[in-house]
Amino acid sequence: MKKIIILIIAAVAALSCEKDNTLRYNNLTMGNIVDGKFVSDQGNTFNVVEQTCPGRLDTMKRAIILCDVLYQEEGGDYAVRLNNMLKVLTKSPVNSSEATDESLLVDDALILSELWISGGYMNMMVTIPVKQNSKQPHMINLILDDSAQEAGTYSFSLRHNAVGEVLKTDGDNKDMYLANAYVSFPITDIITEDSAKINLSLKSYKVLSGYIISSETFTDTIEINYTKGAFEQAPVSKSSTSSDFSLN
């Protein structure tokens, strides 16, 4: 069993209040779009005054953004230059007793590339084999086992419905490629204690080395010691693979 310690630590941006159009720092962060503004999981509000990438941030609910923080505005918000944005899927966890739709419980393998808790969400980057030129959306769900809850302990399972797009055991996977996607599951309505233990189980592909993924699968269990808070916690692991991916 893997054991991951997650401690939510408050972070305060150290910026001058003087507006001088001087670049302060480059920022990669996750947050929600509220009334057209980006509010990071640290609690900072970013106003986009310049943009170097395509797309509209105000069409998303939750996102990861790469930006240059330019200056702090009167009132405390930060003016930023938006350089890139990634949409983050948000889905509420499903109680196991209410998961009557069998499609929610399909247990196809995936790779959990990143996992962290911030902003009241369990956040993750998943890496999944996808068929070339396929437009078939995959489904990712977080199932809460509500059949035998212990005080202060929460058991979840991460489920992936690949709709048939899985690695073949005969090794003929030339029509497949690896895709990444970010997904956030709100958990503050479920975990009400100041501290708790989270057990997360999932079916995972075996990673042989580097980017070599085997069709062999195994059941993985991750244990998280969780301390409640409102601020960002950095990912516990990182993966440099990247690609577009469609999720429902």
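**Entry 1: Gln42**

I started with the side chain of Gln42, which makes a polar contact with the side chain of Thr29 at 3.0 Å. I then found a second polar contact, from the Gln42 side chain to the side chain of Ser40, at 2.8 Å. I'm working on a predicted model here, so I keep that in mind for every entry. Where does Gln42 sit? I found it in the loop between strand E3 (37-40) and strand E4 (45-51). Is Gln42 buried or exposed? Its relative accessible area is 13%, so I noted it as buried, the cut-off being under 20%.

**Entry 2: two positive phi values**

Next I looked at backbone angles. Asp35 has a phi near 55°, which is positive, and it isn't a glycine. I traced Asp35 to the loop between strand E2 (25-34) and E3. Its relative accessibility is 78%, so I put Asp35 down as exposed.

Val163 also has a positive phi, near 50°, and again this is a residue other than glycine. I found Val163 in the loop between E12 and E13. With 39% relative accessibility, Val163 goes in my notes as partly exposed.

**Entry 3: aromatic pairs**

How many aromatic pairs are there? I got 3. I looked at Phe46 and Tyr78 to begin with. Their ring centres are 6.2 Å apart and the planes meet at 80°, so I called the pair edge-to-face. Phe46 belongs to strand E4 and Tyr78 to strand E6 (residues 78-87), so this pair links distant parts of the chain, 32 residues apart.

I then turned to Trp116 and Tyr182, which form an edge-to-face pair with 6.4 Å between centres and 75° between planes. This pair also links distant parts of the chain, with Trp116 in strand E9 and Tyr182 in strand E13, 66 residues apart. Trp116 is buried at 4% relative accessible area, and Tyr182 is buried at 17%.

Which residues do ring pairs link into a cluster? I noted Phe38, Phe46 and Tyr78.

**Entry 4: a charge over a ring**

I also checked Tyr121 and found Arg62 lying over the face of its ring, 3.8 Å from the ring centre.

I finished on Met122. What does Met122 touch, leaving out residues up to four places away in sequence? My list reads Leu115, Trp116, Ile117, Leu142, Phe156, Val183, Ser184, Phe185, Ile187, Ile198 and Leu200.

Key. Residues are numbered from 1 along each chain as its sequence is written. This is a predicted model: local features need pLDDT of at least 70, side-chain atom pairs count only at pLDDT 80 or more; totals for chains, interfaces and linings use all residues. Side-chain values use heavy atoms; hydrogens and water are left out. Contact means heavy atoms within 4.5 Å. Helices (H or I, at least four residues) and strands (E, at least two) are DSSP runs, numbered from the N terminus. Buried means under 20% relative accessible area, exposed over 50%, partly exposed in between (1.4 Å probe, protein chains only). A polar contact is a pair of N or O atoms within 3.5 Å; within protein, one must be able to donate a hydrogen and the other to accept it, and residues adjacent in sequence count only if both atoms are side-chain atoms. Rings of Phe, Tyr and Trp (its six-membered ring) pair if their centres lie within 6.5 Å; planes under 30 degrees apart count as stacked, over 60 as edge-to-face and the rest as tilted. A charge sits over a ring if NZ of Lys or CZ of Arg is within 6 Å of the ring centre and within 35 degrees of the ring normal.
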